[in-house]
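This report considers an annotated domain and the salt bridges of one protein model. Please view the structure alongside the text.

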Amino acid sequence: MAMRILWPNLPARLVTVATEAVGSGFELQFHEKFEDVSDEQWAKADAVVGGCPPPYIDKLKACRIFVKYGVGYDDVDIERFGKLGIPVCNVPDYGTREVADHAIALMMTLAKSVAYHDSELRADLKGNWRPQHNPFGRRLSVCTFGVVGMGRIGTAAALRAKAFDMDVVFYDPYQPNGYQFAIGVRRADTLAELMGQCDFVSIHTPLTAETRGLIGAEAFAAAKRGVILINTARGPVVDIDALHDAMKDGTVQAAGLDVLPEEPANAQRRLIAAWQKNEDWIRHRLLLTPHSAFYTPESFRDNRGFAARTAARYLRDGRLENCVNKQFLIPKV
Ligand code: NAI
């Protein structure tokens with residue numbers, strides 16, 4: 001009997017991408033909404049691809065692998081899947097380049113005052129024709145670019161920064177010794193050491209118990225005055241109340257955030273409220289994007305296609321790729 005792969009939440013336009021990635025020999029079941037999947041389909045699925053919110057986990061009876069879209073899996077109960085003997089896999093490589101590009105785009109938008117000039121000109125086309133007035137203007141080649149979390153995306157961002165002749169340094173206690181020499185950058189042993197020397201700091205860690213609030217009051221206290229902060233990783237890694245204070249007192253000159261502790265943005269937060277009201281002190285100093293760093297049409301398709309391929313390879317060949325819950329995995333009897 002053909003093995004069943006279930007997509008409980010796949011937009012119809014992406015069915016072809018998933019079908020092509022899987023190849024032959026499987027029975028594929030596509031649904032656009034979780035509610036459309038019957039209990040029998042949950043129970044009989046050999047693999048689930050895409051999403052599997054908590055209420056549906058207990059309905060899985062035959063499932064041998066769950067592949068979630070995207071890199072971060074902080075929203076998946078990987079321990080629960082592990083105890084059920086189900087490997088959880090992510091798709092770590094669909095948007096590496098896009099997110100690194102986005103981090104650099106936020107940096108450049110600020111460093112070259114692009115958004116600033118655009119909005120000033122819109123307000124007064126003739127009066128604000130002032131190229132020298134460039135509040136964040138910096139010659140990048142005399143700046144230090146710091147990466148917190150030197151994995152795939154952090155490395156891709158570092159290589160881009162190197163191409164701008166920037167001095168690049170990273171902090172990542174989990175990268176092996178010598179990684180800095182392999183890609184020709186410097187390494188900081190502590191976060192404080194990194195913060196104290198960087199003109200730009202770009203965050204690329206996963207969200208874990210250790211990284212939640214990592215960039216908070218203590219990190220800002222160690223920062224070089226006037227640092228520009230970029231976060232395209234996960235919102236809660238940056239304590240945005242502490243960021244508010246650090247921006248208000250000038251420790252942080254500007255910030256570009258693709259991710260926030262609450263998404264959509266919570267207007268009750270002091271930083272968001274000040275930005276939304278366009279208060280004088282924060283005007284032009286905070287750039288927000290709506291967790292869009294990962295997106296291009298290509299990465300969107302790759303996310304679906306790579307996830308499908310991961311499930312198919314495991315069912316067909318027993319090849320387990322990108323498993324993120326090995327530590328909890330109890331073999332099925
Ligand atoms: P990765 O796993 O390759 O790299 C993460 C790096 O962070 C690793 O080298 C790890 O050692 C390091 N790290 C872990 N804990 C740390 C700590 N306490 N201090 C310093 N470094 C630490 O992951 P990848 O592919 O580079 O992705 C990074 C993050 O980017 C993801 O976890 C995800 O949250 C975020 N992301 C955001 C997207 C967006 O659209 N904004 C899209 C894709 C990923």
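## Terms and basis

Relative accessible area, taken with a 1.4 Å probe on protein chains only, classes a residue as buried when under 20%, exposed when over 50%, and partly exposed in between. The model is predicted: local features need pLDDT of at least 70, side-chain atom pairs count only at pLDDT 80 or more, and totals for chains, interfaces and linings use all residues. Residues are numbered from 1 along each chain as its sequence is written, and side-chain values use heavy atoms, with hydrogens and water left out.

## Annotated domain

An unreviewed UniProt entry assigns residues 55-325 to "domain: D-isomer specific 2-hydroxyacid dehydrogenase catalytic"; such annotations, given in the numbering used here with shortened feature names, may be inferred rather than shown by experiment. Within this span, 37% is helix and 13% strand, both being DSSP runs numbered from the N terminus (helices H or I, at least four residues; strands E, at least two). Its end C-alpha atoms lie 19 Å apart.

## Salt bridges

A salt bridge requires a side-chain nitrogen of Lys or Arg within 4 Å of a carboxyl oxygen of Asp or Glu; the count is 18.

Asp101 pairs with Arg160 at 2.7 Å between the closest N and O atoms. Asp101 lies in helix α5 (residues 96-111) and Arg160 in helix α7 (residues 152-163), so this pair ties together parts 59 residues apart in sequence. Asp101 is partly exposed at 40%, and Arg160 is partly exposed at 24%.

## A salt-bridge network

Asp241, Glu262 and Arg269 are linked in a network of salt bridges. Within it, Arg269 and Glu262 meet at 2.9 Å, N to O. Arg269 is buried at 19%, whereas Glu262 is partly exposed at 28%.
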